[in-house]
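This report goes through selected parts of one protein chain, from annotated regions down to single residues. Keep the sequence and the model in view while reading.

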Amino acid sequence: MALDSETLAQLTGTMQRFVEERLIPAEPRVEAENAIPPEIVEEMRHLGLFGMSIPQEHGGLGLTMAEEVEIAFVLGRAAPAFRSLIGTNNGIGSQGIVIDGTPEQKAHWLPRLASGEMISSFALTEPDAGSDAASISLSARRDGDAYVLNGAKRFITNAPVAGLFTVMARTEPDVKGAKGISAFLVEADTPGLTVGKPDRKMGQRGALTADVFFEDCRVPASAIIGGVPGRGFATAMKVLDRGRLHISAICAGAATRLLDDALAFALERKQFDQPIAEFQLIQAMLADSRTELYAGQSMVRDAARRRDGGESVSLEASCCKLFCSEMVGRVADRAVQIHGGAGYMADYAVERFYRDVRLFRIYEGTSQIQQLVIARNMIAGA
């Protein structure tokens, strides 16, 4: 463990207070302004949230997977936009460097990412490359001691506010599939890199996404993670398990918030001279939600401990991502139903969460991709 039990308990308690006293009250403002208030961003930096998974020697908290999911359970109770801002700094934006980066890359980038001085963004998805990530076409042509990038990325989280992009580009055009892909570290102010207008989305306002364009964008060869071309996709695959477990824990946190709100409403709302919580069909929805939430939490904790123990958890991580992302959708639907007409009104958080959590079944690998990963692991192990 990175932290002793007492320190972890203190960190968790601090996070609980931060979520309840600062993040949840700020949700209406985030929804209205489509942005996280600067003072809250600064508080998130002060708490070390941008460097939860970055090793302590590089300025981060260095949390283990089991410790990180406990924090994510708490953070997930607030609007997903808050987690989205810190997500890439803790995920592929830093972990690719941690695992495969050169000593120079680690020393230069990780402290800045851990402090939140720089916000990172992971540029993988393209107009014609989503679930089939190995088919990306953004080109990186070698030119002396540099590469010239041309192409476009789509739906890139944090793009409008990022200072650093991890860009997946094809350095070997004659090599099809994943082997010809390299991961570049590209600063946002690099000539030839432009960011489009923020996307208008169904939910998760405040979690900004946009297209990113590369037109003769020249970067040094030393910008390739690890300094070796052709390994970018392999680097991304190495950190997928951590990302999927983190998102699964966030889903469980959101389900906890939804269920708490639904229970509180059911105890307060009266029909036929009694709280609707007394009606068995309402109780059934509450009970089903609590049961599924418990299952999701247990799965995530088990897989996290296994990963920390050195086990390969590709199958388990996909199981968690599939179950928890689908589970929170069902819990959100029941929460709206319990609220009745009020659940369809923007005055209640369940209306917003109902829209927000829909994305969890799509990013970090769709539910259908998780099904394929699970099945293929089963077949390979038969």
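Is Asp288 buried, partly exposed or exposed? The model is a predicted one, and in it Asp288 has a relative accessible area of 42%. Asp288 belongs to helix H9, which covers residues 280–308. Along the chain, Asp288 and Arg330 are 42 residues apart, and their C-alpha atoms are separated by 9.5 Å.

**Annotated regions**

The annotation "domain: Acyl-CoA dehydrogenase/oxidase C-terminal" covers residues 230–378. Over residues 230–378 the chain is 74% helix and 3% strand, with 28 Å between the end C-alpha atoms.

**Helices**

Helix H10 runs over residues 314–339 and has 26 residues. From its first C-alpha to its last, H10 reaches 38 Å, close to the 38 Å expected at 1.5 Å a residue. Just after H10 comes Gly340, with a positive phi of about 65°.

Two packed helices are described by the angle between their axes and the distance between the axes. Helix H3 (residues 65–75) and helix H8 (residues 240–268) pack at an angle of about 35°, and their axes are 7 Å apart. The crossing of H3 and H8 is right-handed. On the H3 side, the contact is made by Met65, Glu68, Val69, Ala72, Phe73 and Leu75. On the H8 side, Arg242, Leu245, His246, Ala249, Ile250, Ala252 and Gly253 take part. Sorted by class, the contact of H3 with H8 has nine nonpolar, two polar and two charged residues. An α-helix has 3.6 residues a turn, so residues three or four places apart point the same way.

**Single residues in strands and loops**

Most residues other than glycine have a negative phi. Which value of phi does Phe155 have? Phi of Phe155 is near 55°, a positive value in a residue other than glycine. Asp216 is not a glycine either, and has a positive phi of about 50°. Phe155 lies in strand E3 (residues 146–157), and Asp216 lies in strand E7 (residues 209–220). Phe155 counts as exposed because its relative accessibility of 55% is over 50%. Asp216 is also exposed, with a relative accessible area of 52%.

Thr190 sits in the loop between strand E5 (181–187) and strand E6 (193–195). At a relative accessible area of 14%, Thr190 is buried. Apart from neighbours within four places in sequence, Thr190 is in contact with Cys217, Arg218 and Val219.

**A buried aspartate**

Asp356 is found in helix H11 (residues 349–356). Why does Asp356 count as buried? Its relative accessibility is 2%, and Asp356 is therefore under the 20% cut-off. With neighbours within four places in sequence left aside, Asp356 is in contact with Pro80, Gly203, Gln204 and Arg205. The C-alpha atoms of Asp356 and Gly59 are separated by 32 Å, and the two residues are 297 residues apart along the chain.

The table lists the accessibility of the residues discussed above.

| Residue | Relative accessible area | Class |
|---|---|---|
| Thr190 | 14% | buried |
| Phe155 | 55% | exposed |
| Asp216 | 52% | exposed |
| Asp356 | 2% | buried |

Key:
Residues numbered from 1 in each chain as written. Predicted model: local features only at pLDDT ≥ 70, side-chain atom pairs only at ≥ 80, totals over all residues. Heavy atoms only, no water. Helix = DSSP H or I, 4+ residues; strand = E, 2+ residues; numbered from the N terminus. Buried < 20%, exposed > 50% of the residue type's maximum accessible area, 1.4 Å probe, protein only. UniProt positions renumbered as here; feature names shortened; annotations may be inferred. Expected span 1.5 Å × (residues − 1). Contact = heavy atoms within 4.5 Å. Axes fitted to C-alpha atoms, helices over the stretch in contact; angles between N-to-C directions. Left-handed = near helix turned anticlockwise from the far one by under 90°. Nonpolar A, V, L, I, M, F, W, Y, C, P; charged D, E, K, R; others polar.
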